[in-house]
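This briefing gathers the ring contacts, the nonpolar core, the strand pairing and the backbone angles of one structure. Please read the points below alongside the sequence and the coordinates.

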Amino acid sequence: QVQLVESGGGLVQAGGSLRLSCAASGRTFSRDAMGWFRQALGKEREFVAAISWSGGSTDYADSVKGRFTISRDNAKKTVYLQMNSLKAEDTAVYYCARSPGRISGYANEYDYWGQGTQVTVSS
């Protein structure tokens, strides 16, 4: 069993920054790929970023490349999402998730999900 708890969301002005954290507990974390997804009101959940278990491989949605950075600290069992140059269209609930395999942009390859944290960007 894996538990994931996101934090760090909030209200920020366009152009600002936020750092999201996802703390994992339960079975091993250091061998799992991790991902961030988001879901805006009335829209489907979409991929944001993913990172391999070692941190050596990352992947990003085109919409966030160059603005967001995913990282992890296996000793702390935590994955981060640094979000810079935020835009109104980044407003969404952000979820972290665990993939038992390789990094992926597909939600159905992730088996454990956090409860989400709201990010609101005012324009």
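Which residue in β8 is the bridge partner of A23? In β8, that partner is T78. The structure is a predicted model, in which local features need pLDDT of at least 70 and side-chain atom pairs count only at pLDDT 80 or more, while totals for chains, interfaces and linings use all residues. Residues are numbered from 1 along each chain as its sequence is written, and side-chain values use heavy atoms, with hydrogens and water left out.

**Strand pairing**

- Strands here are DSSP runs (E, at least two residues) numbered from the N terminus, and two of them pair if DSSP finds at least two bridges between them.
- β3 pairs with β8 in the antiparallel sense over 6 bridges.
- β1 and β3 also run antiparallel and are joined by 6 bridges, with E6 standing opposite C22 in β3.

**Aromatic rings and charges**

- A search of the whole structure finds 4 aromatic pairs, where rings of Phe, Tyr and Trp (its six-membered ring) pair if their centres lie within 6.5 Å, and planes under 30 degrees apart count as stacked, over 60 as edge-to-face and the rest as tilted.
- The ring centres of F37 and F47 are 5.6 Å apart and the planes stand at 70°, so this pair is edge-to-face.
- That pair links distant parts of the chain, since F37 belongs to strand β4 (residues 33–39) and F47 to strand β5 (residues 46–51), 10 residues apart.
- F37 is buried at a relative accessible area of 1%, and F47 also counts as buried at 14%, on a scale where buried means under 20%, exposed over 50% and partly exposed in between (1.4 Å probe, protein chains only).
- F37 forms another edge-to-face pair with Y110, at 5.1 Å centre to centre and with 80° between the planes.
- In this pair the partners are 73 residues apart, with F37 in strand β4 and Y110 in the loop between β9 (92–99) and β10 (112–113), and both residues are buried.
- Ring pairs link F37, F47, Y110 and W113 into a cluster.
- The charged end of R45 sits over the ring of Y95, 3.9 Å from its centre, a charge being over a ring if NZ of Lys or CZ of Arg is within 6 Å of the ring centre and within 35 degrees of the ring normal.
- R45 also lies over the face of W113, at 4.7 Å from the ring centre.

**Nonpolar core**

- The largest nonpolar core has 34 residues, and those with the most contacts inside it are W36, V48, F68, I70, L81, M83 and Y94; such a core is a set of buried Ala, Val, Leu, Ile, Met, Phe, Trp, Tyr and Cys residues joined through side-chain atoms within 4.5 Å.
- Among the elements that give two or more residues to this core are β1 (2–7), β3 (18–26), β7 (68–73), β8 (78–83) and β11 (117–122), while β5 gives the most, with 5 residues.
- Leaving aside residues up to four places away in sequence, Y94 touches residues including E6, W36, F37, R38, V48, L81 and V119, where contact means heavy atoms within 4.5 Å.

**Backbone angles**

- Most residues other than glycine have a negative phi.
- K77, in the loop between β7 and β8, has a positive phi near 55° and counts as partly exposed at 28% relative accessibility.
- S85, in the loop between β8 and β9, has a positive phi near 50° and is partly exposed at 41% relative accessibility.

Terms used. Helices (H or I, at least four residues) and strands (E, at least two) are DSSP runs, numbered from the N terminus.
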